[in-house]
Amino acid sequence: MKTDVVVLGAGIIGVCTALHLVARGRSVTLLDRRGPGEETSYGNAGLIERASVIPYAFPRDWRSVWRYARNNTPDVSYHPRFLPRVAPWLLRYWWHSSPARLASAADAMLPLIERSVIEHDALRDDAQVSHLFRRNGWIDGVRTEAGLARAVAEADALASYGLNYRVLDRQALTALEPSLSARMVGAVHWLDPVNVSDPGAVTKGYAALFQQRGGHFARGDARSLKPAPGKGWQVQGEDGLVEARDVVVALGPWSPDVLRPLGYRIPMAVKRGYHQHFALEDGAALSHPVADIDSGFVVTPMTLGVRLTTGAEFAARDAPPSPVQIQRTRALAGQLLPLGAAVEREPWMGCRPCMPDMRPVIGAAPRHAGLWMAFGHAHHGFTLGPVTGKLLASLMTGQAPEMDPAPYGLRR
């Protein structure tokens, strides 16, 4: 099979890149070993996070570092034997988290974040997934008055970004979410973000739209990618060889595996995360995503039940799942909501692909014609899928992009 572009990876980034390329008249094959939206794009809090204008940074105060070093917190855990392997990356992450460099990362990410909701809105109706979208924002909840004061101060510090929010005392929070227990004393309600009840279904809806518009989906092994004889690229699909002039590597945490044989050493680590769905007991209900910012987890209403998502686990990407984080957060979440039986027997686990400078890689490979990259979106892959796809498609087709792509180039 010959095509203009083969996009490797059918997560939200790859699907949206393929969709925008088809809209620009390219013939596109989207290739993955699984179906669309069945890896990292499936297991997240379903947030289109317009309010996250400051990236998640490595803590700079030693009190917080010592807290995490003890390895007993609900929001961060690590496998001790993995630390020597990830330590160089953590050091780079810490270096990029200085106040000045963090501000630079925030400036670089802002054009993407600002258009996150806009670009999802441009796709959702045609993809027939509008019923999965909720425009009620999300809630940053706290368990102490001191925590509420800190949360409000941090929200006020973001006023220059034009974000909309309101402060909820206990009474206002109860009026909004009556089933939350009194352990949560207040919150900041962010109004600009959008959330969805099934992020995997949204990704599949975008993939179906891609196929309706003439795109082709194929199963195959992205690791078989190699330069084609003469010019272009080839990759082995289940139904035969796929040849293309251009190839996009949008494989999230697996991207380095494909690029390493081509001579690229990608400074990526993964933050593993877990989720599990629960029923609610005693007639309880939840209508907003709620983050417990003191404990580092989110509970959010999903199609399958209330999804409990964890913070970050530092471990080898392919190491067996560990139940530690979901066990810790399950107990804490049960203090806030009357969680009942788990819907799944085992928690789901996925890997967030993270670059140490807290910005993704989007753009052309520096040493190979026709090789393009789109990965490393950390906690914001679902948020930034459509805007990333639009930016990369513009670059690949010679159209003027709506933002400066330089901050996302691999050469940085």
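Tutor: Let's start with a word we'll need: two residues are in contact when they have heavy atoms within 4.5 Å. Helices (H or I, at least four residues) and strands (E, at least two) are runs assigned by DSSP, and they are numbered from the N terminus. Keep in mind that this is a predicted model, where local features need pLDDT of at least 70 and side-chain atom pairs count only at pLDDT 80 or more, while totals for chains, interfaces and linings use all residues. Residues are numbered from 1 along each chain as its sequence is written, and side-chain values use heavy atoms, leaving out hydrogens and water.

Our part is helix α3, residues 83–96. The expected span of a helix is 1.5 Å times one less than its number of residues. With 14 residues, α3 should span 20 Å, and its end C-alpha atoms are 19 Å apart, so the two agree. Still, α3 bends by about 30° at Trp-89; the bend is the angle between axes fitted to the seven residues ending there and the seven starting there.

Next, what's tucked away? "Buried" means under 20% relative accessible area, "exposed" over 50%, and "partly exposed" in between, using a 1.4 Å probe and protein chains only. In α3, the buried residues are Val-86, Trp-89, Leu-90, Tyr-93 and His-96. Their cover includes α4 (99–114) and the strands β14 (269–280), β18 (312–314) and β20 (348–354).

Now for the rings. Rings of Phe, Tyr and Trp (its six-membered ring) pair if their centres lie within 6.5 Å; planes under 30 degrees apart are stacked, over 60 edge-to-face, and the rest tilted. The structure holds four such aromatic pairs. In one of them, Phe-58 and Tyr-93 have ring centres 5.7 Å apart and planes at 85°, so they are edge-to-face. This pair links distant parts of the chain, 35 residues apart: Phe-58 is in the loop between β3 (47–48) and α2 (62–69), and Tyr-93 is in α3. Tyr-93 counts as buried because its relative accessibility is 4%. The rings of Trp-89 and Tyr-93 have centres 5.0 Å apart and planes at 45°, so that pair is tilted. Since Trp-89 and Tyr-93 are four residues apart in α3, about one helical turn separates them.

Finally, look at His-96, which counts as buried because its relative accessibility is 19%. Leaving aside residues up to four places away in sequence, His-96 touches Arg-101, Leu-102, Pro-356, Asp-357 and Met-358. His-96 and Pro-356 are 260 residues apart in sequence, yet their C-alpha atoms are 6.8 Å apart in space.
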